[in-house]
Each structure stands twice: as C-alpha cells, then as structure tokens.
Amino acid sequence: MLTKSRRGNFKYDLMGMDTEALKRSLANRLEYSAGKDLYTATPRDWFNVLAYAVRDRLIERWMETMRTYYKNDAKRVYYLSMEFLTGRLLHNSLLNLGILEQCEKALHDIGLELREIIDLEPEPALGNGGLGRLAACFLDSMATLGLPGYGYGIRYEFGMFTQHIENGQQVEHPDNWLRYGNPWEFARPEILYPVNFYGRVVEYADDNGRLHHHWVDTEEVLAMAHDMPIPGYGTNTVNNLRLWASKSTRDFNLKYFNDGNYIKAVEDKNASEMISKVLYPDDTTSMGRELRLKQEYLFVSATMQDIMSRFHKTHDAIEDLPERVAIQLNDTHPAIAIPELMRLLMDKHHLEWDPAWDITRRVFAYTNHTLLPEALETWPVRLFETMLPRHLQIIYEINQRFLKQVVHQHPGDFDLMRRLSIVDEDNGKRVRMAHLAIVGSHKVNGVAALHTHLLQTSTFRDFNEFFPGRIINKTNGITPRLWLNQANPGLARLITARIGPHWITQLDELKKLAPLSQDAQFRAEFRAVKRANKERLAGLIRHHLGVTVDANSMFDVQVKRIHEYKRQLLNALRIVALYNRVRANPAAPVTPRTLIFGGKAAPGYALAKLIIKFIADVAEVVNNDPLVAERLKVVFIPNYDVSTALDIIPAADLSEQISTAGTEASGTGNMKLALNGALTIGTLDGANVEIREEVGPDNIFIFGLTAQEAHRLRAGGYSPWEYYQNNPELKQALDMVGAGFFSPDAPDLHRPLVHAMIEGGDRYMVLADFASYMERQDEAAALYGDAEEWSRRAILNVAGAGKFSSDRAVREYAEEVWNVRPVEVKIEAP
C-alpha cells in the first residue's frame with residue numbers, strides 16, 4: 001500500500017519479517033508473479049516465488065542504502081573483478097536478513113520444505129575459482145561493515161563449463177545457469193553505454209597548440225546493466241553488484257532479411273552479444289584471445305562510464321574524483337581501466353596529462369594474485385594496436401614518462417629499464433598488464449604475508465625498490481556468514497551456545513574456543529557435529545556416485561582447481577604408495593581413509609585433465625580391490641563449485657594444501673577447511689604460513705621444502721632422477737604408473753605424467769617433497785587414531801581461524817588503501 005511521507009514523496013510500506021507477513025507475500029507472488037495457485041505451482045515456481053518475496057525485502061533496504069550514500073556524499077569503493085562466485089543466493093539472503101526460521105515455518109504451514117526449495121536454485125556461473133570467491137566474500141563483508149561498496153563484473157550467459165566425469169575423463173558441458181531466468185537480478189535497459197573497438201585515432205592541434213585525439217571509425221557495442229542486491233548480515237545495508245551484458249546497436253537488419261539472407265540479418269547482433277556469452281573463452285586461438293580482450297574492455301569501459309556518471313550527479317569538479325572514488329582492480333583483467341580513465345579525462349574532460357595522471361594514480365589500487373610468471377597477463381601489442389588504438393597510445397605515453405623517471409634515478413641502467421618497462425620488447429612486443437597496474441596504482445597488495453614478501457623480493461623486486469612502500473600485504477579472508485554459519489549449522493549452533501553469536505561478525509571471538517579444547521564434553525559434542533556432517537556427505541556420495549564410504553574413516557580432502565603446482569599428482573602418488581603398503585602387508589593396522597578430490601581443469605590444459613583421469617583410474621583399481629576392502633576409498637566429486645564445497649568442507653578431517661612452496665599466492669580453501677575443524681597438511685606456502693602462526697605449529701602438519709630451499713635446490717641443479725632412484729616406495733609407484741598398471745587397456749596413457757616428473761625436470765618438485773609428505777601423512781594417520789587428541793587439535797584450528805575473516809581484510813583495505821568509512825543506513829519502522 002502506498003503512503004505519503006512527511007517529505008512529500010511516495011513510498012511503499014515496509015514489508016513485515018514475521019511468518020504471517022511472509023505467507024502473505026508468498027500468496028501474492030504466487031498469484032501475481034507466477035500466475036499459479038497451490039494446485040498448479042511446480043517446485044521451481046515455489047523457488048521463484050520465495051526468491052521474489054525475499055528480494056522484495058532486500059529492495060527496501062537496497063533503495064534506502066543508495067539514498068543514504070547520496071545524502072551523505074559518501075566516498076564509494078568500486079571492486080572490479082572478472083569473477084564473482086557468489087554461490088546460491090536464497091539461503092544466504094535468508095540468513096543475512098535474519099528470517100530463515102520464519103521462512104521455514106511459513107513454507108511448512110503450506111506443506112513445503114525450505115531445504116528442497118533452496119536446492120533448486122542454480123548456482124550463478126559468474127566465476128571459476130578463488131579469484132571469484134574472494135570477490136564475493138569481499139562484497140558480503142563490505143555490506144556487513146556498512147561500507148559504500150559496489151561490485152562490477154560481467155553477466156556471463158554461460159559459465160566456464162559444467163564438469164562431467166565420463167570414463168574417468170573430464171567432459172565439458174555448457175553451464176546454462178540462466179535457463180530459468182534469474183529472480184535476483186534487475187535488468188536496466190535504460191543504463192546502456194556505448195563501447196568502441198577498432199577504428200583509428202585522429203590527432204589535431206587547437207589554437208593554443210595543444211594536441212587532441214579523436215578515436216573514429218570504430219565498431220560500437222552496447223553494454224547493458226544488470227543489478228543484483230548484496231545484503232550485509234544483521235544490518236540494513238544492501239549494496240549493489242552491477243554486471244554488464246553486451247548488446248548490439250542493431251538487433252536486426254531488415255534489408256538482409258527481405259533479401260532472404262536470414263543469417264546475415266542477425267550477424268551483427270550475434271557477434272556483439274558473443275562478448276559476454278561465456279566466462280573465459282578459450283584463448284589458445286587468435287579469435288579466442290581477441291574475444292577475451294573484448295570482454296575485458298567492454299566490462300572496464302562500461303564501468304568507468306558508469307562511475308563517472310554517478311560522480312557527476314553530485315560533483316562538478318573532476319579534480320575531486322579521488323576524494324569520492326576508490327577503484328580496486330582484482331587482478332590484472334580490469335587493468336585496462338587505467339588507460340581508459342586517462343582517455344576519458346583527457347579526450348572527454350580535456351585535462352592535461354599531469355593532472356589526469358595524478359587523478360588516475362590516486363583512484364586505482366591493484367591486487368596481485370599470482371607468483372607464476374606465465375600467469376601474469378600480457379597482450380600482443382599488435383592486438384592492442386588493432387582493437388584499442390587510442391589505449392595503446394596512452395600506454396606508450398605512460399611507459400615513456402615512467403621510463404624517463406627510471407633513467408633519471410638510474411642513468412645508464414638499460415637492463416633495469418627493460419625489466420620495468422610496461423612493454424616487453426623481448427617476447428614479441430607485449431603489454432605487461434601487471435606492470436601497467438603497478439605504475440598506475442597508488443597501492444599494490446599481495447594476498448598473504450609470504451606472497452607479498454616474494455612479490456617484494458623476487459617477482460616485482462625492481463618495482464618495490466623504485467616505489468618503496470607501494471607494495472603492501474593484505475592477507476585474504478573468507479566470510480564466516482557463508483563458510484561457517486551457513487555451511488556448518490551444527491557447528492555454528494555449538495559455538496554460539498558456548499560463546500554467543502558475536503563471532504558471526506567478529507570472527508576473532510573464536511579464540512574463546514581455545515580453553516574449550518580441554519573440555520571433554522565439548523570435544524564430544526564437536527565430534528558429533530563432525531560425524532553428522534560426514535554421514536551426510538557419505539550419503540551424497542553414495543547417491544550421486546554409487547560409491548559407499550565409511551563415515552568412521554578419515555575424510556582426507558583436496559578440493560581446488562586442477563593444476564600441476566597445486567600437486568594433486570603428489571596426493572595421487574601417495575595413494576598409490578598406501579595401496580602398495582596394504583597389498584604388501586594386508587594384516588598390518590591401517591588408518592581407514594576416504595580420499596576426496598574435486599576441481600576443474602581448464603579445457604585446454606591437457607596435463608591437468610590427464611591428472612583427473614589418473615585419479616579416476618587409481619580410484620577404479622583401489623575401490624574394487626577386495627584386499628584393500630574398506631581401508632582405502634578414492635572419490636572424485638565432479639563439478640566442484642560453491643554448493644559442492646558447502647557439502648564437502650564441513651565433513652573434512654584433513655585438509656590437503658600441498659602446493660609447491662612459493663607458488664600459491666594465498667589460497668582460501670585452507671582457511672575454509674580450518675574454520676570447519678579440519679587439520680591442515682601442507683607446505684609453507686601462501687596463507688599456510690599464517691595458519692600455522694595462528695593455530696600453533698603442533699596443530700598443523702607442515703612438510704616439504706620452503707620457498708627459499710626450493711629456489712636454492714633449483715639453482716643448484718635439481719635432479720628428480722636421484723629422488724626416484726633413492727626412494728624405493730616412490731620408484732615403485734612411478735614404475736606402476738608408467739607401466740600402465742592403472743590403465744591396462746591403454747598402458748601408455750599415464751606416461752606423460754611420469755615423463756613430466758622425471759625427464760621433464762619435475763618443475764613443481766613432486767619427487768623432492770614426496771618422502772617428507774609421506775612421513776607427515778603417517779603422523780596424521782597415527783594421530784587420527786586418538787579421537788580425543790585429534791578433536792582437541794581440530795578445535796584449536798577453529799579457535800585460531802579468527803584472523804582469516806574477510807571482514808578483517810576489507811576493514812584493512814578501507815582504512816589503509818581506499819580511505820572509505822562506514823555509513824549507517826537507517827530504516828524507519830513501518
């Protein structure tokens with residue numbers, strides 16, 4: 001019902017949050033939105049009805065949040081990311097609004113179960129891995145902390161892919177997550193920005209001799225906004241995630257149609273809308289690389305136009321932009337925003353170079369997520385020259401002015417100039433996007449203490465010396481609302497019963513659990529929660545994969561993207577070694593283990609896909625060998641995503657974080673598993689270093705070379721052959737793999753894996769770390785036999801996880817990078 005406020009504006013009455021109000025909303029939405037009644041509504045209708053009813057309550061707070069930001073002239077932070085891996089939104093929204101129980105009762109009263117409805121929601125395919133999950137955690141934390149934060153990304157029509165395992169091999173299927181629509185989004189056809197590609201640049205001088213540039217004869221695509229509300233927990237703040245979809249400037253060419261050329265009639269539309277079609281198109285072809293660069297620029301161009309439009313609604317002086325706008329680049333994918341802002345400031349707002357560059361540098365900050373040189377994004381100059389000619393001019397100018405500074409401070413050091421240059425002249429002339437991001441940002445951060453140290457002393461050492469203080473650390477974090485409160489309700493209730501609910505927004509409160517690790521009753525209750533989670537996961541594995549696993553066994557979990565540096569291969573070789581031990585001495589006591597894998601390999605990454613096949617083949621042999629019986633089971637859970645993680649992580653006993661030291665930037669899976677009471681076995685890599693500091697060295701199984709030791713070993717001439725020859729258990733396992741023991745129908749199938757580790761140089765030092773890994777695994781197995789001591793240490797892992805909250809991380813960014821303050825959003829009572 002519409003009412004009139006004292007301000008003379010019309011507004012809707014606030015919707016009630018009680019059970020009866022929710023039932024009225026469900027009834028209204030069922031009839032007026034779904035066009036159904038109780039007799040004709042399908043389960044999917046009920047999902048949409050419930051989502052709309054919840055969304056209605058978010059909208060009220062969303063609108064008030066936006067009004068409050070304008071009223072307070074708040075400085076806003078814009079988080080630019082190619083990925084936002086949000087997971088399902090219904091359950092999270094119910095918890096954050098505090099209406100989960102009321103909703104359960106409302107549905108129960110009409111004969112429906114909330115859990116069944118929640119499970120119908122397709123997971124938004126807006127990301128692939130840790131990068132996108134971090135971005136989603138940060139949006140949750142910004143809203144919970146009351147920070148004026150906006151996410152910007154792409155509305156992919158299809159995700160990267162849905163992973164099926166067929167005959168042990170990864171098979172990619174389209175991830176059509178929008179098949180049934182998205183009830184959380186608001187299409188904004190009125191928010192439409194032109195994005196230009198190709199063309200040429202015309203230069204001319206005005207009457208004062210100043211040079212101007214016009215980018216002309218371009219191909220134009222439109223970017224259309226789609227908004228999704230992001231609620232904070234226990235607060236009125238609801239922030240915005242804006243995603244761009246590409247649209248054609250011409251939907252239909254009637255002339256071609258009338259001439260009978262029906263394909264040509266829609267060719268422009270199809271080509272334009274292909275840009276936002278798929279997350280990470282395959283870039284192994286020239287067309288794929290061109291499409292990926294188009295994606296990045298479409299996203300960045302529309303975002304920068306939108307930010308400038310919002311700024312100009314309330315401000316005239318462009319010089320004030322850094323006082324009202326902070327932009328965080330989540331990795332280098334959005335780094336084109338730096339020359340794009342320069343283009344807008346100079347070509348549209350007619351600023352001179354120096355003030356434009358000062359504004360740009362003060363606005364941007366950059367988060368680096370990788371230490372691997374091959375993973376640092378670069379683009380061929382020729383592609384830039386063709387597709388974004390004005391931006392290449394600006395990048396050249398940025399580089400020229402920067403290198404003049406280098407020459408001034410280091411005259412004659414041409415090698416330093418070569419290393420620092422934004423344009424790599426040695427490898428086919430390529431634009432180094434990380435270098436562009438560092439030069440164009442006022443702060444650059446790593447995402448774990450070790451990662452940042454290696455950036456400062458190795459990967460970007462020259463930049464760290466040239467810009468002292470620019471590269472800083474901001475250790476990643478995860479949102480406890482999703483990764484404990486929602487993921488593990490049994491443990492959440494147990495913790496709340498003992499220390500109260502404040503840990504949900506103040507995760508360092510978990511340290512109060514440390515004394516309870518000595519409480520036998522609490523340990524028993526903790527084990528009961530873990531047991532229930534394991535039984536639930538065992539049921540899911542049996543139902544979906546047809547494999548029976550024992551909930552009494554140690555659930556030993558490695559779930560993450562499949563990549564050589566993450567060393568799923570080391571884990572798999574360990575399984576072969578354990579299998580051989582059992583076969584050699586069937587009577588020996590063995591700690592039963594269920595070894596659980598999950599993760600996707602990039603479609604073009606042949607060796608990673610072969611690792612999946614190898615794990616599946618090992619599982620086939622191990623799981624069907626009666627001599628091994630129930631002592632070892634191997635499971636690969638397909639299509640690992642947020643929803644799957646919420647099933648697996650609360651059930652894990654042992655967390656495998658075994659990347660080669662010095663390769664993983666941070667990792668957040670390690671944090672999620674520790675928070676849910678898993679003990680970590682891992683190298684001193686990424687955030688494992690800080691987890692050890694927080695939980696204590698006795699409560700984590702650290703093995704293997706350190707980053708410094710690995711570097712020295714490589715420099716001194718690492719010989720994997722020596723490790724192979726000198727470790728009989730390792731040699732036996734590798735010989736079995738190479739001889740086709742696990743692939744009798746194709747004996748040569750797995751030989752490339754053996755070749756990569758022996759003749760290929762074992763880049764990620766699997767063989768060097770194998771003996772240490774096996775030793776610590778044996779210690780973990782022995783400890784698991786002592787249930788009281790294992791649960792004591794598991795509780796200490798939970799108690800030590802408080803540092804790893806995304807709230808802490810975002811608060812540090814806000815205070816030390818963005819200079820953004822919380823804004824309280826008040827809602828008038830109905």
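Biologist: In what order do the strands of the open sheet of three strands stand, and is their pairing parallel or antiparallel?

Modeller: Strands of a sheet pair through backbone hydrogen bonds, in either a parallel or an antiparallel way. Here the order is E14-E16-E15, with antiparallel pairing. Strand E14 (378-380) and strand E15 (423-424) are the edge strands, each pairing on one side only. Two strands count as paired if DSSP finds at least two bridges between them; strands (E, at least two residues) and helices (H or I, at least four) are DSSP runs, numbered from the N terminus.

Biologist: What should I know about the model and its numbering?

Modeller: This is a predicted model, in which local features need pLDDT of at least 70 and side-chain atom pairs count only at pLDDT 80 or more, while totals for chains, interfaces and linings use all residues. Residues are numbered from 1 along each chain as its sequence is written, and side-chain values use heavy atoms, leaving out hydrogens and water.

Biologist: How many bridges join E15 to strand E16?

Modeller: Two bridges join E15 to E16 (residues 430-432). Val423 stands opposite Val431 in E16.

Biologist: Is helix H12 mostly covered or mostly open?

Modeller: Burial is read from relative accessible area: buried is under 20%, exposed over 50%, and partly exposed lies in between (1.4 Å probe, protein chains only). In H12 (residues 337-348), eleven of the twelve residues are buried. His350 follows H12 and has a positive phi, near 60°.

Biologist: How many salt bridges does the structure hold?

Modeller: A salt bridge puts a side-chain nitrogen of Lys or Arg within 4 Å of a carboxyl oxygen of Asp or Glu. The structure holds 60. One of them joins Arg527 and Glu788, with the closest N and O atoms 3.0 Å apart. That pair links distant parts of the chain, 261 residues apart: Arg527 is in helix H22 (residues 520-545), and Glu788 is in helix H33 (residues 787-799).

Biologist: Why do Arg527 and Glu788 count as partly exposed?

Modeller: Arg527 counts as partly exposed because its relative accessibility is 27%, and Glu788 because its relative accessible area is 34%.

Biologist: In the salt bridge of Glu630 with Lys633, is Lys633 buried or exposed?

Modeller: Lys633 is buried, because its relative accessibility is 8%. Glu630 is partly exposed at 45%, and the closest N and O atoms of the pair are 3.5 Å apart.

Biologist: Which residues are linked in a network of salt bridges?

Modeller: Arg188, Asp227, Arg242, Asp306 and Arg310 are linked in that way.
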